[in-house]
Structures are given as C-alpha cells and as structure tokens.
Amino acid sequence: MKAIAITPPVPVVAEASILSAMLEEGWWRVHLRHPGATVETYAAILADISTGLLERVTVHDHFALLSPCFPGIGIQENSRQSIPAGSRLEGCSLSRGVHGVDEALECTDVDYVTLSPIFDSISKQGYRTPFSDEDLRRLDGARVEVMALGGVDIERIPLLARYNFGGFAMLGAIPWQAGSRAVLEFTRKTIALC
C-alpha cells in the first residue's frame, strides 16, 4: 500500500527536514497542508526539502508556487483551492479530496483521490465515518486510485486490505508535536506494514 503523510494545520519545528526524512524512509508522498499559512511559509518549507524529493510533495494551497518556482510538485484540490478545468500543470501530480463513494467513483481527471473519513477522525473531534462495509466495497468500480483518509492509524492499516484502496493517508496518528525522532520511529513502524 502507498502511504501518504499529511502535515498538521500549523507547521512544526524543522518541518522540511522531517518531511525529507519521512520520504527517504518510504512514505510515497507527503501533503503540505497548512490552511492558514502564507505563501512565504509554504515557499520556505518547500525550499528546504531535498531537491530530489520535491516531486513527491503535494500542496493543498498556493498553487501559484508550482510553476516556475517548484515544478513537479503535486496539487491536492479541495474545498478551498481547485484548478480550472483543462489547466493542469505539466508534470504535476493532481489529486482531490472527496467525502463520498459516489464522488470518488465519478473522478477520472486526477491521479488519485483521498476519501474521508474512513474511520472516525483522530484529528477532528466528532468527525465520524458515514461509510458502511457495503459503501466501501463499491470502490471496486473506481477508475482512479483511492486513498483511505480519516482515523487511519497503525492498527487500522490491515483493515484497509478488505477494500479497493491503493493506500492510505495519515495526519492525526503521526506524532508531529513529539519531534523528529518520534516521527521517524513512527514512520519506520508504519512503512513496515505497507
């Protein structure tokens, strides 16, 4: 399974070096998701990520940074940001956050979608899964890769194998505030399960 790490809403200390180390340890992608951050904050983090790893980074905001400053970085469309139809940037991965199985099944114009919440959310109190086993079995008809998001932790990764998920995305289970050592220890345990 492919593993995606999503940053917490507020940047952490030494975030760029942590993200670089996570990618080197085996995360498929990291999503830079800081909803209130300025374009300068995004640019500073991206500038400090190891150059060979930038193509495995996806941003959720400030899409104007991508060309020409950081070509090849992925874009995650969401309720705050989307790109106009037909204006996909050459060489950039495109993904979309969706919240319903029907919405995931309708997607054909992106590389993958994150579907949430698959389990009750860890990071968003009261954000409960609406999906039944029957709902998730319908993902067999998806035409793009579907990544499970929401409440995914180490113990739940094996449960995802029942469904047509290409991988998973994590945010709340990652010990972002505990420092780089804790994040890398968690990374090694998580990647060992993929």
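Author: A definition comes first: a pocket is an open set of grid points with protein on both sides within 12 Å along at least five of seven lines, and lining residues have an atom within 4 Å of a point. Please also note that this is a predicted model.

Reader: How much space lies in the largest pocket?

Author: The largest pocket holds about 510 Å³ of space.

Reader: And which residues lie nearest its centre?

Author: Of the 30 residues that line the largest pocket, those nearest its centre are Arg33, His99, Ser116, Lys124 and Leu149. Two or more lining residues are given by each of strand 4 (74-77), strand 5 (94-98) and strand 8 (167-170). Strand 5 provides the largest share, with three residues.

Reader: How does the lining divide into nonpolar, polar and charged residues?

Author: The lining of the largest pocket has 10 nonpolar, 14 polar and six charged residues.

Reader: Turning to aromatic rings, how many aromatic pairs are there?

Author: The structure holds two aromatic pairs. One of them joins Tyr163 and Phe165 in an edge-to-face arrangement, with 6.2 Å from centre to centre and 80° between the planes.

Reader: Are Tyr163 and Phe165 buried or exposed?

Author: Tyr163 and Phe165 are both buried.

Reader: What lies over the face of Trp28?

Author: Arg29 does, at 5.8 Å from the ring centre of Trp28.

Reader: Now to helix 2. Which of its residues are buried?

Author: In helix 2, residues 39-47, the buried ones include Tyr42, Ile45 and Leu46. These three lie on the same side of helix 2, because they cover an arc of only 95° around the axis. Glu40 and Ala47, on the other side of helix 2, are exposed.

Reader: Why would residues a few places apart point the same way?

Author: An α-helix has 3.6 residues a turn, so residues three or four places apart point the same way.

Reader: Where does Ala14 lie?

Author: Ala14 is in the loop between strand 1 (2-6) and helix 1 (15-25). Its relative accessibility is 45%, so Ala14 counts as partly exposed. Ala14 and Gln125 are 111 residues apart in sequence, and their C-alpha atoms are 27 Å apart in space.

Reader: And why does Ala192 count as exposed?

Author: Ala192, in helix 5 (residues 180-192), counts as exposed because its relative accessibility is 64%, and the cut-off for exposed is over 50%.

Notes
Residues numbered from 1 in each chain as written. Predicted model: local features only at pLDDT ≥ 70, side-chain atom pairs only at ≥ 80, totals over all residues. Heavy atoms only, no water. 1 Å grid on protein atoms, 1.4 Å probe; cavity = no way out; pocket = protein on both sides within 12 Å on 5 of 7 lines; lining within 4 Å. Points joined across faces, edges and corners; volume = space filled by probe spheres on them. Helix = DSSP H or I, 4+ residues; strand = E, 2+ residues; numbered from the N terminus. Nonpolar A, V, L, I, M, F, W, Y, C, P; charged D, E, K, R; others polar. Phe/Tyr/Trp six-rings, centres within 6.5 Å; stacked < 30°, edge-to-face > 60°. Buried < 20%, exposed > 50% of the residue type's maximum accessible area, 1.4 Å probe, protein only. Lys NZ or Arg CZ within 6 Å of the ring centre and 35° of its normal. Arc of directions from axis to C-beta.
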